[in-house]
Amino acid sequence: YATGKSITGDVTIEKRSGGPIAMVGGCDYKISSETDDALSKELKTNYMIVQRNDSLFINCDDILRSKWYGLAFYTNKDYVVFTASESFQKKHRRDMEYNMGGALGGIEAAGARYNYVIELATGEVYVVNKASMEKVLKDKPEILAQYKSNKYAPGTEAILNYLQLAFGGM
């Protein structure tokens, strides 16, 4: 979507492999047009969300300063939760662990994936962590208590389960 505008033209959604991600970083999905260079450029700069069938792809270039698109794994009327590569914005980086180790550390960091939340009412984007999940679940005290009682940092599947318990949906 670009302010509700539909895409007309031949659009390819490509799942990027580990090699290109290790070499240049970025998110998991490249969305472009093989036949229309102007549309490809527009997809990079003007479309924050691309929907194909039941999949929602988030353009991470503007919101995270990370190339390409991440795939949403949960949506409701208030939030979109998606997985993407490391953000290059300072406000997100403070919530991430840092890798050391030269080239091998860089390859590992390029392949690392993080979960992010977009709060639709404000447009705010934040890394999924204890504080952000407490904000998302604040109106669901029983589920928030379950989440807080988990002493391990929950992965994507566990986060999805908490969100589905709280809000239903995807």
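These legends describe close-up views of a predicted model.

**Conventions.** The model is predicted, with residues numbered from 1 along each chain as its sequence is written, local features needing pLDDT of at least 70, and side-chain atom pairs counting only at pLDDT 80 or more. Totals for chains, interfaces and linings use all residues, while side-chain values use heavy atoms, with hydrogens and water left out.

**Figure 1. Overview of the chain.** The chain has eight helices and eight strands; helices (H or I, at least four residues) and strands (E, at least two) are DSSP runs, numbered from the N terminus. Of its 170 residues, 42% count as buried, where buried means under 20% relative accessible area, exposed over 50%, and partly exposed in between (1.4 Å probe, protein chains only). The accessible surface comes to about 9800 Å², and carbon and sulfur atoms hold 52% of that area; areas come from the Shrake-Rupley method with a 1.4 Å probe, and for residues only the protein chains shown count as cover. Among the contacts with a separation of 6 or more, 52% are between residues 24 or more positions apart, a contact being heavy atoms within 4.5 Å.

Figure 2. An α-helix has 3.6 residues a turn, so residues three or four places apart point the same way. At the start of α2, a side-chain oxygen of Asp36 comes to within 3.1 Å of the backbone nitrogen of Ala38.

Figure 3. Strand β2 covers residues 29-32 and includes Ser32. Ser32 has a relative accessibility of 16% and therefore counts as buried. Not counting residues up to four places away in sequence, Ser32 touches Asp10, Val11, Thr12, Ser40 and Leu43.

Figure 4. Strands β7 (residues 114-119) and β8 (residues 124-127) pair in the antiparallel sense over four bridges; two strands pair if DSSP finds at least two bridges between them. Val117 has Tyr126 in β8 as its bridge partner. Four residues separate the two strands of the hairpin, and Gly123 in the turn has a positive phi of about 80°. Glu124 lies in β8 and is partly exposed at 37% relative accessibility.

**Figure 5. Met133 in helix α6.** Met133 belongs to helix α6 (residues 130-136). With a relative accessible area of 1%, Met133 is buried. Leaving aside neighbours within four places in sequence, Met133 is in contact with Val128, Leu144, Tyr147, Ile159, Tyr162 and Leu163. One of these residues, Tyr147, is 14 residues away in sequence, at a C-alpha to C-alpha distance of 8.3 Å.

**Figure 6. Salt bridges.** The structure holds three salt bridges, each defined as a side-chain nitrogen of Lys or Arg within 4 Å of a carboxyl oxygen of Asp or Glu. Asp28 pairs with Lys15, the closest N and O atoms being 3.9 Å apart. Asp28 lies in the loop between α1 (18-24) and β2, and Lys15 in strand β1 (residues 12-15), so the pair ties together parts that are 13 residues apart in sequence. Asp28 is buried, at 16% relative accessible area. Lys135 and Glu119 form another salt bridge (3.2 Å, N to O). This pair links distant parts of the chain, with Lys135 in helix α6 and Glu119 in strand β7, 16 residues apart. Lys135 is partly exposed at 37%, whereas Glu119 is buried at 14% relative accessibility. Asp78 also forms a salt bridge with Lys77, with 3.3 Å between the closest N and O atoms. In that pair, Asp78 is partly exposed at 30% relative accessibility and Lys77 is exposed at 71%.

Note on methods: A polar contact is a pair of N or O atoms within 3.5 Å; within protein, one must be able to donate a hydrogen and the other to accept it, and residues adjacent in sequence count only if both atoms are side-chain atoms.
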